[in-house]
Amino acid sequence: MAPSPHPKSILILGHGVFGLSTAYALSLRPSFANTRITVLDRSPFPSPDGSSIDSSRIIRADYHDAAYASLAEAAQKIWRQQGPNDLGGEGRYTESGLVLVANKGEQGEEYVRGSLDNVARIARDLGDEGAVQEFKLRAEIEEAVGAGGGSGDWGYINRRSGWADAEAGMLWLRRKVEATGRVEFKQGEVVSLVKDGRKVTGAKLTTGKVESADLVILATGAWSGKLIDLRGRAQATGQVLCYLDITKEEQEKLGKCPVLLNMSTGMFIIPPSNGVLKVARHGYGLSNPRSIPSPDDPSENIMVSLPKTTHDDPNLWVPAEGERACRKALREMIPSLAERPFTKSKICWYTDTPNGDFIITYHPDYEGLFLATGGSGHGYKFLPVIGDKIVDCVEGNYPEEFREKWCWAEECVEECVTMDGSRGGVPGLILEDELRKGSRL
């Protein structure tokens, strides 16, 4: 339920992409000139276990869904600005190209074909038709990748896509927000929302302190299920990332390669930076079921998946199943590094929704609570534009192409698994079960 669209105070929970970009958009919009804006997070910035903090993220308009493709292209126009004070400057964005592939006859092929149609249309509209080239043979894929290997047996290259230094982009955005002088940042871990009947009035911290506001915006990513009941609408899933060190000569060569992403397996490699290469999987993910008091009724317990990160266990390493998948992908994609030891790993936590759509809307059951979550592992690229879209929704101006996509789903699904055609791996893996099988090969 929506309160006045211009409340006197707004509390944003979470300083990831959704939270920080919303704070920035609010601070610049004249209609919120008299609104006090506070951003609260449990971690100092940048959060070491936040999904928006990493060495790299893919920046692409390559979507099967035309609405997301168009929004991503709008974001890319800003990513491409390369001045020292621009988002894409100082190495924050590299337009390396993206080779998007699939295995014929397997999941992911339909997604890649739809994506090809959308980016080819965008390129034609911009008079840049040569930027998108279809590959019908594995040999064409390997030649385009230029790393000695490849993946898939059909796909294309979009030279208008690339990758971002994810942490550097967030640091840039944080500086922009701070420069407005409009936003107060606070640190503290929220244990629950504070309610007066059906109205949310703030957030209670582990210290017992309460942060109050006329409007609370929940942008807590994979931790959202701890504060509101999202069962059947969104679920936290852990994705495997493995890193290895490379030489200066290897950096020089591989740094010029495009991103390679196989939508059938979910495996991808982003060009290395600073002598570190990342191999990862955009998959169905690992769930981490936990029994917690229901956010709606603390006298009852519910089972939800919540992140487990190095914040909880400093020695956490990806399960052996995930490391094997990354090793297999490395052998296939860059054979010269096939047996190079992984020096670091990470479990990156998505907030997955059934269709991969974001949840950007007022909560239907609580007044004064707005949701900006459900990033589903593809939210980072929208960093320069999503804040404005979120604030539009706060004011009741939902973008027509996303009105239904971003709404609160009327019906819950039994198994909250993202089935948008972009995921690989095995559905239904449980983190603790996989860790018990071993976490180092």
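Reader: Start with D229: is D229 buried or exposed?

Author: D229 is buried, with a relative accessible area of 15%. Buried means under 20% relative accessible area, exposed over 50%, and partly exposed in between, using a 1.4 Å probe and protein chains only.

This is a predicted model, in which local features need pLDDT of at least 70, side-chain atom pairs count only at pLDDT 80 or more, and totals for chains, interfaces and linings use all residues. Residues are numbered from 1 along each chain as its sequence is written, and side-chain values use heavy atoms, with hydrogens and water left out.

D229 has a partner. Its side chain meets that of R231 in a salt bridge, 2.7 Å from N to O. A salt bridge here is a side-chain nitrogen of Lys or Arg within 4 Å of a carboxyl oxygen of Asp or Glu. R231 is partly exposed, at 41% relative accessible area.

The structure holds 30 salt bridges. One of them joins R29 and D392, with the closest N and O atoms 2.8 Å apart. R29 lies in the loop between helix 1 (17-28) and strand 2 (36-41), and D392 in helix 8 (residues 386-394), so the pair ties together parts that are 363 residues apart in sequence. Helices (H or I, at least four residues) and strands (E, at least two) are DSSP runs, numbered from the N terminus. R29 counts as buried at 15% relative accessibility. D392 is partly exposed, at 21%.

K226 also forms a salt bridge, with E189; their closest N and O atoms are 3.8 Å apart. This pair links distant parts of the chain, 37 residues apart. K226 sits in the loop between strand 13 (215-218) and strand 14 (235-245). E189 sits in the loop between strand 9 (183-187) and strand 10 (190-196). K226 is partly exposed, with a relative accessible area of 33%. E189 is partly exposed too, at 31%.

Salt bridges also form a network. It links E73, R80, E95, D128 and R160.

A102 is found in strand 5. Its relative accessible area is 1%, so A102 is buried. Contact means heavy atoms within 4.5 Å. Leaving out residues up to four places away in sequence, A102 touches G108, E109, V112, G152, D153, W154, N262 and S264. Of these, E109 and V112 are buried residues of helix 3. Strand 5 (98-102) is included in what covers the buried residues of that helix.
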